[in-house]
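Thank you all for coming.

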Amino acid sequence: MTDSHGSEGHPAHLQHHFDNSRQQFSASKLGMWLFLATEILLFAGLFVAYAVYRSNHPEIFIYAHYFLDTKLGGINTMVLLLSSFTMAWGVRAAQLGQRKLLVALLSLTLLGGFGFLGIKYVEYEAKWKHGLLWGTNYNPESHDDHTGADEHAEEVEEAPTAPETGAPDRLNLEPTVVPPSATGPAGTVPPGEGLPHGQGAEPDNVHIFFGIYFLMTGLHGIHVLVGMSLIFWILLKSIGGAYGPKYFTPVDLVGLYWHLVDLIWIFLFPLLYLIH
Amino acid sequence: MSTAATTPDSNYLNVTKGALSWLLTLDHKRIGILYLVSILSSFFLGGMMAMLIRTELLTPGDTIMTADQYNQVFTLHGAIMIFLFIIPGIPAALGNFVLPLMLGAKDVAFPRLNLMSWWLWITGAFIAVASILINAVDTGWTFYTPYSTTTGTSVTLIVTGVFILGFSSILTGLNFIVTIHKLRPKGMTWFKMPLLLWGLYSTAIIQVLATPVLGITLLLLAMERVMGIGIFDAALGGDPVLFQHFFWFYSHPAVYIMILPAMGVISELISVFSRKHIFGYKFIAFSSIAIAVFSFLVWGHHMFTSGQSELVNMIFSALTFSVSIPSAIKVFNWLATMYKGRIQLDTPMLYALSFLFLFTIGGLTGLFLATLATDIHLHDTYFIVAHFHYVMFGGTVIAFLGGLHYWWPKMTGKMYNEKLGRIASVILFVGFNVTFFTQFVMGSRGMPRRYFHYQEQFTSLNQLSSVGSYIMAVAFFMIAGYLLHSLAKGRKAPANPWGANSLEWHTPSPPPFDNFDREMRGVDPYDYTGWKYDESIEGYVPVGGGDGTRDSRAV
Amino acid sequence: MATEHNHHDQVGHVVPVPLLGGVIAALMILTWLTVFVTKFDLGSLNIFIALGIAVIKGALVVLFFMHLRWDAPINGIVLISSLLLVFLFIGFALMDSAAYAPDQIPGYAPRINP
């Protein structure tokens, strides 16, 4: 469809139902933004689940987030931001027809994607080992089976493990969010019987946090993978010099997608790792 | 494909031949036809399920199937009708064909996405139907947890199918929004667009912004079943009511995905067959957008009895009432359009009148249900069933049939038998009311929906309702019969059989591959003064001569 | 060079490298800042600060990396409407669950395993 309409001075990339490149480009852009809107609303469901459980059960989130490694999460944020930067620069290179620069920047972006997934893998593996999983798979006791030489340096050693080992000091610094234990309807403790908060005791249903954590980061990870495949595709095409000042739409659109993946991580990072 | 021959008899139907030229076509008209065939097949399947339901309910207890089979049949009736038929019905089938023509454009903005949308539909439909063959779902089309996470039927499979169907719907909506924004011809401002385009535009907004939430809902449901993630499982500290919030955040707007394009079709039909300019154009246009916006604000009215909090119940109840305002604006404007018009009772107009009557009943009974106190009594009774069939069937399906008859000559180049068309539409109207008005009575007397067995006192009403459904079946077989017959033996359709003025009638029937042989300009779609009836071709021609498809004088 | 034929075939806006560099530097600083403030206990303010910083970072990405600052307004409208729906969804879901969740009743707390 595209190629056969090259006559009458139409550029090869211009499809027959568009009048000119501007119209085609702005149509593609609008289409992409609409698609990004659907992506945002896809994630919205998970953010709703997060908001509802966090507001109803802040104790779960405060307790469980110590199992996440803020340092790794922070590094991953920076990696993803940097790859977003190289991508944005890449769009500029495509617009100006700087082919070699474009190839280099796209390769760097792809590298960033690999770095992000690599760090994510390390984090997932640690969770897996410690049985910090979703639903009925949540089984933190399996942590004890692994207290051996095979522990990674990155592992979440500062996390509270079991009540008998005592809580880390940081847990005692949480007076603001967790309401005091008192009487209440079903599922709450009668007066005088509840443990006071801030002793590192494990609240009910901690697995909810890990369910949400794996859903959010997992869905985001899938998007990273998709974005990397797209970047790989335009990288191959840009090596052949497919993009220039007249036609760089795919680079621009893939860039938008990659920035959206970044954007979602910008919100996931503080919500999952930086709970206070 | 692109080097279409431009002989006078060349049109989009005969420009290329062979199965692949259809299955891989990028032409919006052919994709529209592919969709039409697909959704009508689903409609047939869903209709068969409906017949089974009504036959089973002829007597209390076991009539032709067991209770478990009954649960599966009503689930499949709902799931097929909603996900495979009504949601893609008007936008993907009629809309795909008509929208670029109405814009005087050559195609939609993204033809390849359009084809992909159809293939996704086929894939999703195939998976959904496969789940029927493997182990049909018995949860109801709403897939409520916790039952849907514990039943042994193939929920995961059908949910996968529906997820893919959602993608297909998103692509259609995305394509329509971009097309309307970017491909309007010179002279066609937003307020010179035919009102169907406003309907399709508002529909597309909902498709794009609501469907992803269905995606994540179904994904979470599948995760719950496969991995036991526990978000919706009360035993694991999850919240089953949250599932209903998720589900209805999409599925209520989805109701407007069904009705908005139908309203667009009716706006066209009423004006054309009253031979009068549409009354209150801007009100109808903006009320479409208003309905799209309101559609996102009322989902909680499905959950009045689900344990939703009182506070939210009250908010949603109040918001639900406000939806009636834009809907009523439309109805009043349609009536005002007909007032003192020269009404022609052709088949499409009979459907439009049916729509006015049935949709009004459907809409007004919705107000009973929006009232919290009344809803406690009526919730999950046959009153609900009757209400949404009046809106979905009496509204959307009737408008779809009206639109199908209206654009049939344009799509196929053939006229159907007008007399049979009118008779069938009247039979359908009678059958519909016998079936579903009875259900209002049953429901208000307390007959619960989705029940296999019922008390003796409801027997005669149930039988009456079943008889009505058989009458409808007769009408549908008649319609199928004369439409198929017209393909083979029908009279050749003139370019403009109804005297309408939107751009699709300015090109031959069926249209050529490139839609128009000239650059089109926007016109007032509701100004019929430029056309006069010509006995010799039994269609309308421009007052100044010609057949309106070659010159641009009518512009 | 890009600005010369901006009116005809040239499509899109070319962002200067220093601007991109400035944006990424700001993003890095904000990332450090959001981790840094977590060390202080500011009560319920913590989450608002964290989200506020995230919003600023997001806005930087959207406006400059995603070109929205120079783009057609309709694209921004699309983005904003999707965000409004997200707020709507979260808002109603929270309003509802807050009204029935037991531990939202003052003084009540969920049971804790001994």
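Let us begin with B:Phe143 in this predicted model, which has 23 C-beta neighbours inside 10 Å and, because 20 or more are enough for the label, counts as buried. This phenylalanine sits in the loop between helix 4 and helix 5 of chain B, and although B:Phe143 is not a glycine, its phi is positive, at about 55°. To see why I mention that, keep in mind that most residues other than glycine have a negative phi, and that most peptide bonds are trans.

The loop between helix 4 (111-135) and helix 5 (147-150) of chain B also holds B:Pro146, and the peptide bond that leads from B:Thr145 to B:Pro146 is cis, with omega near 0°.

Where else in chain B do we find a positive phi on a residue that is not a glycine? B:Arg450 has one, of about 65°, and its place is in the loop between helix 14 (418-444) and helix 15 (459-489) of chain B. With 14 C-beta neighbours inside 10 Å, B:Arg450 counts as partly exposed, whereas B:Phe143, as I said, counts as buried. There is also a cis peptide bond between B:Ser509 and B:Pro510, with omega about -10°, and B:Pro510 lies in the loop between strand 2 (491-492) and strand 3 (531-534) of chain B.

Let me turn to the contact between chains A and B, which takes 30 residues from chain A and 35 residues from chain B. On the side of chain A that touches chain B, helix 1 (21-56) and helix 5 (207-239) each supply at least two residues, and helix 1 of chain A gives the most, with 16 residues. Sorted by class, that side of chain A has 15 nonpolar, 14 polar and one charged residues.

Finally, chain C, which has three helices and zero strands, and in which 29% of the 114 residues count as buried.

How values were computed
Residues numbered from 1 in each chain as written. Chains lettered and ligands numbered in written order. Predicted model: local features only at pLDDT ≥ 70, side-chain atom pairs only at ≥ 80, totals over all residues. Helix = DSSP H or I, 4+ residues; strand = E, 2+ residues; numbered from the N terminus. Buried ≥ 20, exposed ≤ 12 C-beta atoms within 10 Å, placed from the backbone. Contact = placed C-beta atoms within 7 Å. Nonpolar A, V, L, I, M, F, W, Y, C, P; charged D, E, K, R; others polar.
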